[in-house]
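Me: Before we start, I would like to learn how features of a model are read from its atoms. Could you take them one at a time, with the general idea before the case?

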Amino acid sequence: MTGAPLRWERREPPLEPVAVLALGAAVPALATATRARLTAGHRLAVAADGTALLVLGEAPDLPWADGARYLGEDDGVLVPTTARPQPGAALWRVALGAADGQLCVLVPGHALVGDRPAPVRDPADLDRFVEPGTVEPGNGEPGKGEPGNGEPGSEESGSEESGGQAPRSGAERVNEQ
């Protein structure tokens, strides 16, 4: 999508959360919270790259950690629950090269495209994300997710400009390592 900068507009009402994303320094805390939810019997799927941890599940099952963002689905793209990408999400899905059935995530400054992960069977699969030094700082904005109580849909996201297409990143399935 040449020449069309990515802009973010406030979305009202917010989308229903279907995922939570942590970038950079926020990854270990989300991994810890996800491991606790899995241990408690919640059904969650996890995808990760070197700078991001994405947890998918039903809204009541999703974990929370400071610096993370809840995501909802907009035309096949997971975006912040209270933000709308412009041009529209479907165009960004095509621009990012996501095939039918693939997971596509777009947030300010970061994009993930990859296969949808299966539910995690063993909470210990998240241990490598909890250890200090195992996650490289990302190009996201740790600490700029939902402030306050961490309830779905409470994140800040006004109008933001990224200056162009979000970076593309591959995602790996955590439980198939």
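Me: How many aromatic pairs does a search of the whole structure find?

Reply: Rings of Phe, Tyr and Trp (its six-membered ring) pair if their centres lie within 6.5 Å, and planes under 30 degrees apart count as stacked, over 60 as edge-to-face and the rest as tilted. Here the search of the whole structure finds one such pair. The ring centres of Trp64 and Tyr70 are 4.9 Å apart and their planes meet at 20 degrees, so this pair is stacked. Note that this is a predicted model, in which local features need pLDDT of at least 70 and side-chain atom pairs count only at pLDDT 80 or more, while totals for chains, interfaces and linings use all residues. Residues are numbered from 1 along each chain as its sequence is written, and side-chain values use heavy atoms, leaving out hydrogens and water.

Me: Is Tyr70 buried or exposed?

Reply: Buried means under 20% relative accessible area, exposed over 50%, and partly exposed in between (1.4 Å probe, protein chains only). Tyr70 counts as buried because its relative accessibility is 4%. As for strand S5 (residues 69–74), five of its six residues are buried, so the strand is largely enclosed by the rest of the structure; helices (H or I, at least four residues) and strands (E, at least two) are DSSP runs, numbered from the N terminus.

Me: Which strand do four bridges join to S5?

Reply: Two strands pair if DSSP finds at least two bridges between them. Four bridges join S5 to strand S6 (residues 77–80), and the two run antiparallel, with Asp74 standing opposite Val77 in S6. S5 and S6 form a hairpin with two residues between them, and Asp75 in the turn has a positive phi of about 50 degrees.

Me: With which side chain does the side chain of Arg11 make a polar contact?

Reply: A polar contact is a pair of N or O atoms within 3.5 Å; within protein, one must be able to donate a hydrogen and the other to accept it, and residues adjacent in sequence count only if both atoms are side-chain atoms. The partner of Arg11 is the side chain of Asp74, at 2.6 Å. Arg11 lies in the loop between strand S1 (7–10) and S2, and is buried, with a relative accessible area of 5%.

Me: Where is Ala26 found?

Reply: Ala26 is in the loop between strand S2 (19–23) and helix H1 (27–39), and it is buried at 4% relative accessible area.
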